[in-house]
Structures are given as structure tokens and as C-alpha cells.
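Trainee: I have a model open and would like to go through it with you. Could we take the fold as a whole and then some single residues?

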Amino acid sequence: MAVVVYYQYKSQGVIMMLLDETYKNIVVAIDGSQASLRAFKKALMVCKRNNANLVIAHVVDTKTISTAETYDQTMINRSETYATQLLDDYKQQAEAAGLTNVKTHIDYGSPKVRIPKHVAKAFKADLIICGATGLNAVERFLIGSVSENIVRYAPCDVLVIRSDD
């Protein structure tokens with residue numbers, strides 16, 4: 001699919017540009033929230049429209065685990081089990097919707113760093129889709145939201161899905 005865009009400049013007349021808006025490798029960031037569910041549904045639509053590969057990614061936030069008072073291996077195991085079940089469920093939904101090239105990926109660290117700087121590059125993403133909501137207002141003010149950092153540091157296009165509200 002191609003999009004034609006016309007620009008008009010006072011001294012140069014009309015310039016026509018052909019933009020290739022076909023995405024081949026799409027990463028959707030999933031954390032189990034309603035916002036990420038909306039992002040996943042949008043990713044399915046975009047993948048179908050572009051006949052693209054889909055990578056469903058979840059980042060286990062190690063900062064959350066490391067700040068817990070009772071940090072031990074069971075917390076890591078529970079996080080991994082949750083991530084695996086979450087991704088398996090989303091993969092089944094994607095395949096039931098007709099997508100044929102679906103991968104899942106679990107990463108560890110800060111989602112706001114790992115998604116744009118590592119996951120997107122590892123899978124040669126040309127589009128990242130994520131939900132808009134995340135941290136509370138105070139944290140967002142102090143350190144920024146995950147979606148804001150993805151937009152800022154991604155090597156590709158980013159589609160941030162707003163809530164239905």
C-alpha cells in the first residue's frame with residue numbers, strides 16, 4: 001500500500017511524494033493491562049492489512065522485582081510463568097485471527113529501555129505498537145512513561161494506542 005502526499009510551498013508549487021507505508025515487522029508491547037490489550041487488537045488489524053510478521057513482546061521489569069523486600073528466585077519464576085502464559089494466550093489469539101507468522105519474546109530489564117533499544121532492533125521492527133497508559137501521574141512527571149520513552153528512542157515508527165474512554 002502506498003500513500004501519496006502533496007505539499008504546497010509558495011515559491012515551489014506542488015511537490016508530490018510517494019510514501020511507502022507498508023510494515024513488515026511489527027512489535028507489540030504487552031504487559032497484561034487493558035491498554036496493552038487494545039494495542040494488541042490494533043496490532044492484529046495492522047498486521048493483517050500489511051501481511052506483516054508479528055512479535056508479541058513482554059519485558060519483565062527487573063526494577064520492580066529487585067526493590068521487593070522478599071526478593072528471591074520464586075518472584076522471578078512467578079514473573080516468567082506469568083509472562084509465558086500471557087504471551088502464549090496472545091499468540092493463540094493472533095493465530096486464531098488468521099496471522100501465520102507470530103513470535104513471542106520475553107525480555108528482562110526496564111520496558112522503556114528494552115523495547116525501543118533492544119527488542120525492536122533484534123526483530124528489525126519497522127513499527128512498534130503500545131498502549132498509552134502506564135505509570136501514575138507523579139512517576140510519569142518525574143521519570144516519564146514507557147510509551148513516551150518508546151516514542152523517543154525507537155529506531156522505527158511507533159503507534160501509541162489511546163484508551164477507549
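Mentor: We can go from the overall fold to the sheet, then to a helix pair and a few loop residues.
This is a predicted model, in which local features need pLDDT of at least 70 and side-chain atom pairs count only at pLDDT 80 or more, while totals for chains, interfaces and linings use all residues. Residues are numbered from 1 along each chain as its sequence is written, and side-chain values use heavy atoms, with hydrogens and water left out.

Trainee: How many helices and strands does the chain come to?
Mentor: The chain has six helices and seven strands, where helices (H or I, at least four residues) and strands (E, at least two) are DSSP runs, numbered from the N terminus. Along the sequence the pattern reads β-β-β-α-β-α-α-β-α-β-α-α-β.

Trainee: And in what order do the strands of the open sheet come?
Mentor: The order is β5-β4-β3-β6-β7, five strands with parallel pairing; two strands pair if DSSP finds at least two bridges between them. The edges are β5 (102-109) and β7 (157-161), each of which pairs on one side only. Neighbouring strands of this sheet are turned by 25° against each other on average, direction ignored.

Trainee: Which strands does β3 pair with?
Mentor: Strand β3 runs parallel to β4 (residues 53-61), joined by five bridges, and Val28 has Ile56 as its bridge partner in β4. With β6 (residues 127-131), β3 pairs in the parallel sense over three bridges, and there Ile26 stands opposite Leu127.

Trainee: Is β3 enclosed or open, and why?
Mentor: Strand β3 (residues 25-29) is largely enclosed by the rest of the structure, because four of its five residues are buried, buried meaning under 20% relative accessible area, exposed over 50%, and partly exposed in between (1.4 Å probe, protein chains only). For the chain, buried residues make up 35% of the 165 residues.

Trainee: Switching to helices, at what angle do α4 and α6 pack?
Mentor: Helix α4 (residues 111-122) and α6 pack at about 30°, with their axes 8 Å apart; axes are lines fitted to C-alpha atoms, for helices over the stretch in contact, and angles run from 0 to 180 degrees between N-to-C directions. That makes α4 roughly parallel to α6, since angles under 35 degrees count as roughly parallel.

Trainee: Where is Ser145, and is Ser145 buried or exposed?
Mentor: Ser145 is in the loop between α5 (137-143) and α6 (146-153), and Ser145 counts as buried because its relative accessible area is 6%. The Ser145 side chain makes a polar contact of 3.3 Å with that of Ser147, a polar contact being a pair of N or O atoms within 3.5 Å; within protein, one must be able to donate a hydrogen and the other to accept it, and residues adjacent in sequence count only if both atoms are side-chain atoms. A polar atom of the Ser145 side chain also lies 3.0 Å from the backbone nitrogen of Glu148.

Trainee: Last one: what is phi of Asn51?
Mentor: Phi of Asn51 is near 55°, a positive value in a residue other than glycine. Asn51 sits in the loop between α1 and β4, and Asn51 counts as exposed because its relative accessibility is 66%.

Technical notes. Angles under 35 degrees count as roughly parallel, over 145 as roughly antiparallel, 65 to 115 as roughly perpendicular and the rest as oblique.
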